[in-house]
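Me: I have a new model open and want to talk it through. Can you take my questions one by one?

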Amino acid sequence: MEGNYKENPNETLNENQNETSERDCCCHRTKKRSEKEYKDLIHRLNRIEGQIRGIRGMVERDAYCPDILTQVAAANAALNSFNKVLLANHIRTCVTQDIKEDREETVDELVAVLQKLMK
């Protein structure tokens, strides 16, 4: 299941198409993740969502500012960790496959994404 991509999300691949070249590229804006990767990402997002709800609750209860800021820092750290995991998976799958298939524009896209993350 890992590394399955489609150029058009509404397009289905018939069995006669070369599935590797059609689906193993991330540059087409969709990616079929493995069950393990999917569950890990969703688990992380659920935890972050809970942290954000907790911060909202603290604001609603008029919690002390430094206590809220501490929780915001923890939520930011969790988002940064999510980004690291997602980026590593992207490099290992999408970027690697696209480079093997001479899709150099993927490297430019990766550089642009890294620049955004480093702001």
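**A buried asparagine, and onward**

Reply: Start with N89, which counts as buried because its relative accessibility is 17%. Keep in mind that this is a predicted model.

Me: Where does N89 lie?

Reply: N89 is in helix α3.

Me: And what does N89 touch, not counting residues up to four places away in sequence?

Reply: Three residues: K31, E37 and C94.

Me: Back up a bit. What does the secondary structure of the protein chain come to?

Reply: Four helices and zero strands. Along the sequence the pattern reads α-α-α-α.

Me: How much of the protein chain counts as buried?

Reply: 25% of its 119 residues. N89 counts as buried too, at 17% relative accessibility, because the cut-off is under 20%.

Me: What about contacts between residues at least 6 apart in sequence: what share join residues at least 24 apart?

Reply: In the protein chain, that share is 57%.

Me: Fine. At what angle do the axes of α2 and α3 cross?

Reply: Roughly 165°. Helix α2 covers residues 35-60 and helix α3 covers residues 65-100. Their axes come within 10 Å.

Me: Why call α2 roughly antiparallel to α3?

Reply: Because the crossing angle is roughly 165°, and angles over 145 degrees count as roughly antiparallel.

Me: Is the crossing of α2 and α3 left-handed or right-handed?

Reply: Left-handed, as α2 passes α3.

Me: How do the residues of that contact of α2 with α3 divide?

Reply: Into 16 nonpolar, four polar and four charged.

Me: Which residues make up the largest nonpolar core?

Reply: Five in all: L41, I48, A78, F82 and V85. Helices α2 and α3 each supply at least two residues of this core.

Me: Which helix gives the most to this core?

Reply: That is α3, with three residues.

Me: Pick L41. What is L41 in contact with, leaving aside neighbours within four places in sequence?

Reply: R33, F82, V85 and L86. Two of these partners, F82 and V85, are core residues as well.

Me: Next pair. How do α3 and α4 pack?

Reply: The angle is about 165°, with the axes 10 Å apart. Helix α4 spans residues 105-117. The two helices are therefore roughly antiparallel to each other. The crossing, as α3 passes α4, is left-handed.

Me: Which residues make the contact?

Reply: From α3: N83, L87, H90, I91, V95, D98 and I99. From α4: T106, V107, E109, L110, L114 and L117. By type, the contact of α3 with α4 has eight nonpolar residues, three polar and two charged.

Me: Which residues is E109 in contact with, leaving aside neighbours within four places in sequence?

Reply: R29 and H90. H90 is among the α3 residues in the contact with α4.

Me: How far apart are E109 and V95 in space?

Reply: 9.4 Å, C-alpha to C-alpha. In sequence, E109 and V95 are 14 residues apart.

Me: Is D62 buried or exposed?

Reply: Exposed, because its relative accessibility is 70%.

Me: What about phi of D102?

Reply: D102 has a positive phi of about 60°, although it is not a glycine. Its place is the loop between α3 and α4.

Me: Is D102 buried or exposed?

Reply: D102 is exposed, with a relative accessible area of 64%.

Me: Thanks, that covers my list.

Definitions and conventions. Residues numbered from 1 in each chain as written. Predicted model: local features only at pLDDT ≥ 70, side-chain atom pairs only at ≥ 80, totals over all residues. Heavy atoms only, no water. Axes fitted to C-alpha atoms, helices over the stretch in contact; angles between N-to-C directions. Parallel < 35°, antiparallel > 145°, perpendicular 65-115°, else oblique. Left-handed = near helix turned anticlockwise from the far one by under 90°. Nonpolar A, V, L, I, M, F, W, Y, C, P; charged D, E, K, R; others polar. Core = buried A, V, L, I, M, F, W, Y, C linked by side-chain atoms within 4.5 Å. Buried < 20%, exposed > 50% of the residue type's maximum accessible area, 1.4 Å probe, protein only. Contact = heavy atoms within 4.5 Å.
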